[in-house]
Amino acid sequence: MINKILPLLIFSCSCLFALNSSDSLFQKSNDFYKNGQFKKALDCYLNIPKEDLSGVIYYNIGNCYFKLKEFGYSRLYYEKAKLYDPLDKDVSHNLEILKTKLIDEISPVPEFFLIRFLNSINSIFNDTQWAYLFIVVFYFNIILFVVFLFSQSVDTKINFLRTLFVSTPVLLIVCFLMLYSNYLYKFESAVLIDSNAYVKTAPSISASDYFIIHEGLKFQIIDQVDGWSRIKLKDGKDGWLEDTSFLKISL
């Protein structure tokens with residue numbers, strides 16, 4: 001019996017210690033930041049275990065990099081925070097301020113109005129939240145259908161049938177948005193970390209320079225070959241960039 005309980009106690013204590021350690025680092029980081037010690041605050045935030053990271057911590061890391069004028073890393077962590085919570089107004093606000101500090105201002109190709117509409121709906125939730133919503137609506141429909149089948153009252157059946165006619169399209173819409181989200185984000189996004197970099201016409205250092213991009217620019221990765229990535233900008237231009245010049249936006 002003791003042999004079974006002891007490992008559980010050790011595991012519980014280790015989890016508690018890790019949690020207290022993360023909380024301590026977070027509080028220490030906040031204190032450093034309030035005192036204007038941005039480098040020390042950043043070091044503490046970056047030492048928080050990955051499993052304890054949250055949108056708030058990504059946002060705070062972005063703020064530290066912004067104060068240190070490392071705008072590439074600042075953009076990277078603001079974008080991570082936005083992935084964590086697409087509706088966070090503070091993140092969106094700081095991203096807009098950061099963009100005014102960047103050299104490159106890429107005008108996107110005009111989108112069809114239906115695509116703009118889908119993007120605006122899709123941005124309400126992240127992928128995980130859409131998945132949870134799908135599960136909730138799916139099981140809600142199953143419960144409605146079961147009650148409809150086994151109900152003896154005609155009025156009850158009619159009411160549940162009406163509800164099904166409303167909830168089923170909602171389920172289909174959520175499914176469609178999830179599929180659209182997967183299509184939309186099938187390419188990874190990244191941020192340029194170097195102060196500037198030449199985009200090449202081919203994945204080779206000896207290839208011709210096509211155009212130059214600067215720190216903090218966000219782009220999509222559409223292909224990868226031997227340490228090189230083919231990137232695509234919002235205006236449709238694309239070319240090859242060394243992988244050492246950027247970091248991917250992912251949680």
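Helices (H or I, at least four residues) and strands (E, at least two) are DSSP runs, numbered from the N terminus. This is a predicted model, in which local features need pLDDT of at least 70 and side-chain atom pairs count only at pLDDT 80 or more, while totals for chains, interfaces and linings use all residues. Residues are numbered from 1 along each chain as its sequence is written, and side-chain values use heavy atoms, with hydrogens and water left out.

**Pro203**

- Pro203 lies in the loop that runs between β2 (196-200) and β3 (209-214).
- Pro203 counts as partly exposed because its relative accessibility is 33%; buried means under 20% relative accessible area, exposed over 50%, and partly exposed in between (1.4 Å probe, protein chains only).
- Apart from neighbours within four places in sequence, Pro203 is in contact with Trp228 and Trp240, where contact means heavy atoms within 4.5 Å.
- Pro203 and Val225 are 22 residues apart along the chain, and 7.1 Å separates their C-alpha atoms.

**Helix α3**

- The 13 residues of helix α3 (residues 55-67) should span 18 Å at 1.5 Å a residue, and this agrees with the 18 Å between its end C-alpha atoms; the expected span is 1.5 Å times one less than the number of residues.
- Helix α3 is largely enclosed by the rest of the structure, because 10 of its 13 residues are buried.
- Among the buried residues of α3 are Gly55, Ile57, Asn60 and Cys64.

**Ser74**

- Ser74 sits in helix α4 (residues 71-84).
- Ser74 counts as buried because its relative accessibility is 0%.
- Beyond neighbours within four places in sequence, Ser74 is in contact with Gly62, Tyr65, Phe66 and Leu98.
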